[in-house]
Amino acid sequence: MNTLVGTGHLIRLIARRDRFRLSVWILVLASLAVGTASAFLELYPSEAERQVLVNTIASNPAIVAFLGPIRDASIGSLTAWRVGVIGSVLVGVMTAMTMIRHTREEEETGRRELLGATVVGRNAPLTASLIVTASAGLIIGALCAAGLIGLGLPTPGSIAFGLGYAAVAAGFAGLSGLAAQLTQGAGAARGVAIGMIGASFLLRLAGDGGSGSGLGWLSWLSPIGWFTQLRPFAEERWPVLLLSFGLALLTTFGAFWLGAHRDVGAGVIQPRPGPASASLSLRSPLGLAWRLHRPSLLGWTLGLSFVGAVYGSIADSVRGFLGDNPQLTELFEQLGGEAGITEAYFATAMGILALIVTAYAVRSALRLTVEEESLRADSILATATPRIRWVSSHLVFAVLGPVLILAVAGVVAGALYGSIIGDIGGQVPRVFGAAMIQVPAVWVVVGIAVALFGLAPKYSDAIWGVLVAFFLLGQLGRILQFPQWSLDLSPFSHIPALPADELTITPLVVLAAIAAVLVVIGLTGFQRRDVGV
């Protein structure tokens, strides 16, 4: 039988199942680019105003590290700078979630085996998933290009911008398809795919942030960095697109090859058989949860410690910012002079770090849904283990894991910056405090995830949409001139900007209380509903 038979039917099935999910992703990402360009046209109508902004950005390594380099003072370059990296990360997440959902998750739930019993070729599911996912990226790129051209931006730059998004989607579709072949569980496959996106972002961050110290080559190792190297609206480098599409072809070939050399439902990397008798540590729900969460917690801690190291290493260069931008001297004097701008930098850096850590917290909270859907929760709850005790064993990591990660990253950032300026003892507590103050906002998102799990487990994945919304409100809300009430919806907007601002306890207490109420609601809902429903 032809290994691709039935591909067309599967494409229609995937498109039908994800019609709402993909439509939201496409509209949000396209609107993000076009809306940002429209906002820049309104806020910076003259080239002189835009040039002041460009000078500010180009001389600040912190901003370059966060969002990538800016090439010139055109509206197109400002748009590509502001949403290029953010959009590329979101496109990668959309791609990874879609690919894993329709490949590894289908095998894990047994639906792939049912399809295989019909007239469906062995390679049809992977092919259909790749086509739908890559097509979604292409549609996003086409809408972005059409919208930017409609605003009067140069056609070549608009097309390069759109193709940049499509290339990112193609590259991560291939990588995610490869991850789906390697692991045996959908959760592990998602972890591998998201890890690749995170590594790509970190390589780009290190390359763009450390370009002055000879680390610029690192961004060439990153599919996200390739978007910035494409340079939309600034003498486009069209051959860079070949890197992304070459990666897509190579990884797609690898995914098909691995898929042909493994059994359906199995991964290339087989889980090791455990010992005949469980250790004493596994005889409690908390011990089992520790075993399940330990690899993720360790990986996130190490990865974000690296992010903290990057933040700390470039912080000192921000102190030279004032001399290069005298027009902003008065503004930063109000924040405390050169010390003020460094403090404002760390406040921003720790806020972004907290949003990244929240992704770990959400993933840890959603482990409850994974355990329930895979029926492993039934085995535990069939014993004398109370429901609350089982849920609490996983919530420990969703609640305390972010505390550990933020603490380590804050200490690393403060220690590295302090060693550069010769004040480790003074800077570690300041940066550590800026990191730890973000915790209540992270807990609110965890509370929302728990409430969804307890009340509407089928919609637990909606928490990712909530997190993306909070991220966009924080990063683009003011530029796009969202009303203040919408900005206040994000718990991160209520966190004091330490160490630049004074510490206020009230918002932290309120956020912690909201998180606690949401967790109680979720626990109550889980107590009253049937398991698996």
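Start by selecting Asp18 and Arg101: their side chains meet in a salt bridge, N to O at 2.9 Å. The term here means a side-chain nitrogen of Lys or Arg within 4 Å of a carboxyl oxygen of Asp or Glu. Asp18 sits in the loop between helix H1 (7–17) and helix H2 (19–43), while Arg101 belongs to helix H5 (residues 75–102), so this pair ties together parts that are 83 residues apart in sequence. Helices (H or I, at least four residues) and strands (E, at least two) are DSSP runs, numbered from the N terminus.

Before you click on, keep in mind that this is a predicted model, where local features need pLDDT of at least 70, side-chain atom pairs count only at pLDDT 80 or more, and totals for chains, interfaces and linings use all residues. Residues are numbered from 1 along each chain as its sequence is written, and side-chain values use heavy atoms, with hydrogens and water left out.

Still at the opening pair, is Asp18 buried or exposed? Asp18 is buried, and Arg101 is too. Buried means under 20% relative accessible area, exposed over 50%, and partly exposed in between (1.4 Å probe, protein chains only).

**Next stop: Glu107**

Select Glu107 together with Arg104 and Arg262. Glu107 forms a salt bridge with Arg104, and the closest N and O atoms there are 3.5 Å apart. Both residues are in helix H6 (residues 104–109), 3 residues apart, which means about one helical turn separates them.

Turn to the other partner: the side chains of Glu107 and Arg262 also meet in a salt bridge, at 2.7 Å from N to O. This pair links distant parts of the chain, with Glu107 in helix H6 and Arg262 in the loop between helix H12 (241–260) and helix H13 (285–315), 155 residues apart.

How buried are these three? Here are the relative accessible areas:

- Glu107 comes out at 14%, so it counts as buried.
- Arg104 is buried, at 0%.
- Arg262 is buried, at 10%.

**Then to helix H10**

Pick Phe201, which lies in helix H10 (residues 186–209). With a relative accessibility of 15%, Phe201 counts as buried. Which residues is Phe201 in contact with, leaving aside neighbours within four places in sequence? Show Phe66, Val85, Val89, Ser222 and Ile224 to see them. Contact means heavy atoms within 4.5 Å.

Most residues other than glycine have a negative phi, and most peptide bonds are trans. Go to Arg231, in the loop between helix H11 (223–230) and H12. Arg231 is not a glycine, yet has a positive phi of about 55°. At 25% relative accessibility, Arg231 counts as partly exposed.

Glu235 is found in the loop between H11 and H12. Its phi is near 55°, again a positive value in a residue other than glycine. Glu235 is exposed, with a relative accessible area of 72%.

Now jump to Pro499, in the loop between helix H23 (484–487) and helix H24 (505–528). The peptide bond from Leu498 to Pro499 is cis, with omega near 0°.

**Zoom out**

Finally, clear the selection and colour by secondary structure: the chain has 24 helices and 0 strands. Its radius of gyration (taken over C-alpha atoms) is 24 Å, close to the 24 Å from the globule rule (2.2 Å times the number of residues to the power 0.38) for 533 residues, so the chain is as compact as a globular protein of that length. Along the principal axes, the C-alpha trace spans about 70 × 50 × 40 Å.

How much of the chain is buried? Buried residues make up 51% of the 533. Among contacts between residues at least 6 apart in sequence, 77% join residues at least 24 apart.
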